[in-house]
Amino acid sequence: MASIMERFHVAGRVAIVTGSGRGIGAATAIALADAGADVVISARNRSQMEETAAQVRERGRRALLVECDVLEAEQRKSLVEQTIAEFGRLDILVNNVGGSGPKPALETTDEEFEACFRFNVTTAFSMSCLSAPHMVETAGQGAIVNISSVAGRFPQPGFISYGVGKAALDFMTRNLAQDFAPKVRVNSIAVGSTLTASLAGVINDDLERAMVARTPMGRLGQPEDIAACALFLASPAADYVTGEIYGVNGGLTGTPMEMPRAGL
Ligand SMILES: NC(=O)c1ccc[n+]([C@@H]2O[C@H](COP(=O)([O-])OP(=O)(O)OC[C@H]3O[C@@H](n4cnc5c(N)ncnc54)[C@H](OP(=O)(O)O)[C@@H]3O)[C@@H](O)[C@H]2O)c1
């Protein structure tokens, strides 16, 4: 019997990682390259994409750079088409782009609520439906990993748009897993507070200390903590795992930060 470690390898496979210029997306692209995949690096800012691509190439893997704003339907379609044109196959899709800052419910407009849903859910839905048929046609099977959040797991004041968006992403994951089985697996990761540029934009030292104090593992996450789980879910090691929401959040059983209630 082959070594179990072989099941963690993705050699010869091709992965698209959205939002892979920095943060969790970049760490995931590099992790997949470490494990043998060629990677399509995608975001809007080309200079950051170049930095990720350099790390993929340092690992002896091929990197294709595709500028793509996931909010634009034509650009999403082109991202998948360029992948097939360059590599002739697609095995793995990581829907990493997403996010939204906290905002009180009563100050959130309908338009902001819908825009957050579109950013976190519709784009991942569209990329999944564009990719799954190609995965089956070119590789015979595939794996989709959605980057979600503890905000979709724990209700909390101040996170109405983001919480609903990530909760919907998780349910979409479970639904698509049913739709796409047995050929394409779909899983998501409920990420906790992770030290990236987007988190740095909303925390300060006091808030960071408070968040660490609420986290059983006693530290915030690093992008590589999430990347390791994404690699597992994308690899043959997870061949019997689909429709699951994996927590990578230091053991949080509640929200990592406290926002004020609406005060009604
Ligand atoms: N960091 C956390 O604490 C945390 C916690 C829970 C969940 N998450 C989730 O993890 C994911 C990644 O977060 P992160 O912290 O790594 O973010 P980040 O450091 O801000 O990186 C986001 C990446 O996405 C790209 N991007 C942003 N908007 C885009 C668009 N419209 N089209 C294409 N690419 C776009 C960015 O590049 P460009 O700006 O160049 O396009 C960048 O490469 C998100 O889904 C987020 O909700 C993060």
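Here is a short walk through this predicted model, from the overall fold to one helix and then to the ligand.

Let's start with the whole chain. It holds eight helices and seven strands. Its radius of gyration is 18 Å, close to the 18 Å that the globule rule gives for 264 residues, so the chain is as compact as a globular protein of that length. Along the principal axes, the C-alpha atoms fill a box of roughly 55 × 40 × 40 Å. Buried residues make up 46% of the 264 in the chain. If you look at contacts between residues at least 6 apart in sequence, 75% of them join residues at least 24 apart.

Now turn to helix 8, which runs over residues 223-234. From first C-alpha to last, its 12 residues reach 16 Å, close to the 16 Å expected at 1.5 Å a residue. How much of this helix is covered? Most of it: nine of the 12 residues are buried, among them Pro223, Asp225, Ile226, Cys229 and Leu233. What do these buried residues pack against? Their partners are helix 1 and a set of strands: strand 1 (14-18), strand 4 (92-95), strand 5, strand 6 (184-191) and strand 7 (245-248).

Finally, visit the ligand. There are 29 residues around it, and Gly19, Gly23, Arg44, Asn45 and Gly98 come nearest. Helix 1 (23-34), strand 5 (142-149) and helix 6 (197-200) are the elements that each give two or more residues to this shell. By class, the shell has 16 polar, 10 nonpolar and three charged residues. Helix 1 and strand 5, which contribute to the shell here, are also among the elements that the buried residues of helix 8 pack against.

Definitions and conventions. Residues are numbered from 1 along each chain as its sequence is written. This is a predicted model: local features need pLDDT of at least 70, side-chain atom pairs count only at pLDDT 80 or more; totals for chains, interfaces and linings use all residues. A residue is near a molecule or strand if its C-beta atom, placed from the backbone, lies within 6 Å of it. Helices (H or I, at least four residues) and strands (E, at least two) are DSSP runs, numbered from the N terminus. Ala, Val, Leu, Ile, Met, Phe, Trp, Tyr, Cys and Pro count as nonpolar, Asp, Glu, Lys and Arg as charged, and the others, Gly among them, as polar. The expected span of a helix is 1.5 Å times one less than its number of residues. A residue is buried if 20 or more other C-beta atoms lie within 10 Å of its own, exposed if 12 or fewer, and partly exposed in between; C-beta atoms are placed from the backbone. Two residues are in contact if their C-beta atoms, placed from the backbone, lie within 7 Å. The radius of gyration is taken over C-alpha atoms; the globule rule is 2.2 Å times the number of residues to the power 0.38.
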